[in-house]
Amino acid sequence: MKNKTNLSLASSGARIHPRILIDRFGRTFNYLRIALNEMCNLRCIYCMPEEGIQFKSKNEMMTMEEIMRIITVVSELGVNKIRFTGGEPLLRKDLVELVEKTSLISGINSVNMTTNGVLLKQYAADLQGSGLSGINISIDTLNPEKYIQITRRDEVGRALEGLEAAKTAGILSIKINVVALRGFNDSEIVEFVELTKNYPLTVRFIELMPFDAHQIWKTGKFFSAENIQKELKNHFPDIKTTDGTATEHAIFQVPDYAGKVAVIPSYSRNLCGNCNRIRLTADGKIRNCLYAHNEFNLRDLMRSGGTKEEMKELILSAMWKKLFDGWTAQKSGSNSRESMTQIGG
Ligand code: SAM
Ligand code: SF4
């Protein structure tokens, strides 16, 4: 934990939260991740079953006006970074407008999205023009057959075209998300690292997490952050550590390569002390941790006439109640969500 003095505040039983986005352990929150929908044009085996999940009705999803209202409120509480995710955010027709409106909000200085990239080619230039600061494109394998196995769709060609379109459009920060899977894409580590040779993008190897209804993660595919790092060092003995963001376990760079490689311990959860994230589910609920079970219904508060002050109060109190780490959060109840597509990753 980065702030030990605040542990005493937590254990002292203080119940009233301050008027800033802080929790009982001294963590502050400046980053809101918003799931824009639950729908997706892929069916990644670790995320959604082929038949989909029990998708909520359109009426239960947040409207653009509701999303903009929430972003305005959190910006007044000190949030300066937004990420749109999903489901697949590019399936939302108002995405470019959402990015544009968000980038114009005072205090917001970084607007990002996470996408599978399949529909990106046609939107990349507009998104860049609307103020998108960064894009994470999820591509777990570069091999067309294996891509079909993992996503159940024959779309690697369009996903890679999306990546090229993001480069051509000049989107400032481009990252490739790769869920590391033992016996599946561990043999492609070198190919992924080579993508960083001539272009300043970051390849991020992410640990598999137990967030799918079918519990694919129990099938022996888990590949730990420690082992990913070992493999990286085996293949690239000269690889050096470098700087990254708060939740990137380790950042590496091969000497003379333009880009970087990150390893994300999303299952090992040894970076919870650095967490700066607030999550908003596609149906408008605040989740104070990816692994949390309790949620705070901002959408219903808004729909029942809640004021800006009441919204702030709900968000502040939700974050104040964040538990010590993801392990404590996981043990605190049973999961209310079927799939990562509802939470946004
Ligand atoms: N559809 C978009 C995409 O795939 O990038 C955005 C939503 S997706 C839920 C966000 C991120 O979560 C993706 O990088 C995806 O690979 C990751 N993800 C989904 N389920 C996961 C799981 N069980 N373990 C680890 N990462 C997961
Ligand atoms: Fe869709 Fe993203 Fe889930 Fe894959 S990880 S099924 S692309 S929401």
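Contact here means heavy atoms within 4.5 Å.

All views show a predicted model, in which local features need pLDDT of at least 70, side-chain atom pairs count only at pLDDT 80 or more, and totals for chains, interfaces and linings use all residues. Residues are numbered from 1 along each chain as its sequence is written, chains are lettered from A and ligands numbered from 1 in the order in which they are written, and side-chain values use heavy atoms, with hydrogens and water left out.

**View 1. Arg33 and its contacts.** Let's start with Arg33, which sits in strand 1 (residues 31-35); strands are DSSP runs (E, at least two residues) numbered from the N terminus. Leaving aside residues up to four places away in sequence, Arg33 touches Arg83, Arg277, Ile278, Arg279, Leu280, Gly344 and Gly345. With a relative accessible area of 7%, Arg33 is buried (under 20%, 1.4 Å probe, protein chains only). The side chains of Arg33 and Tyr31 are joined by a polar contact of 3.1 Å (N or O atoms within 3.5 Å, one able to donate a hydrogen and the other to accept it).

**View 2. The shell around ligand 1.** Among the 18 residues around ligand 1, those that come nearest are Tyr46, Gly87, Ser138, Asn177 and Met209; a residue counts as near if one of its heavy atoms lies within 4 Å. Strand 3 (110-115) and strand 5 (173-179) each give the shell at least two residues.

View 3. Look for the side chain of Ser138, with an N or O atom 2.5 Å from an oxygen atom of ligand 1. A backbone N or O atom of Gly87 lies 3.0 Å from a ligand 1 nitrogen atom.

Note on methods: Helices (H or I, at least four residues) and strands (E, at least two) are DSSP runs, numbered from the N terminus. Buried means under 20% relative accessible area, exposed over 50%, partly exposed in between (1.4 Å probe, protein chains only).
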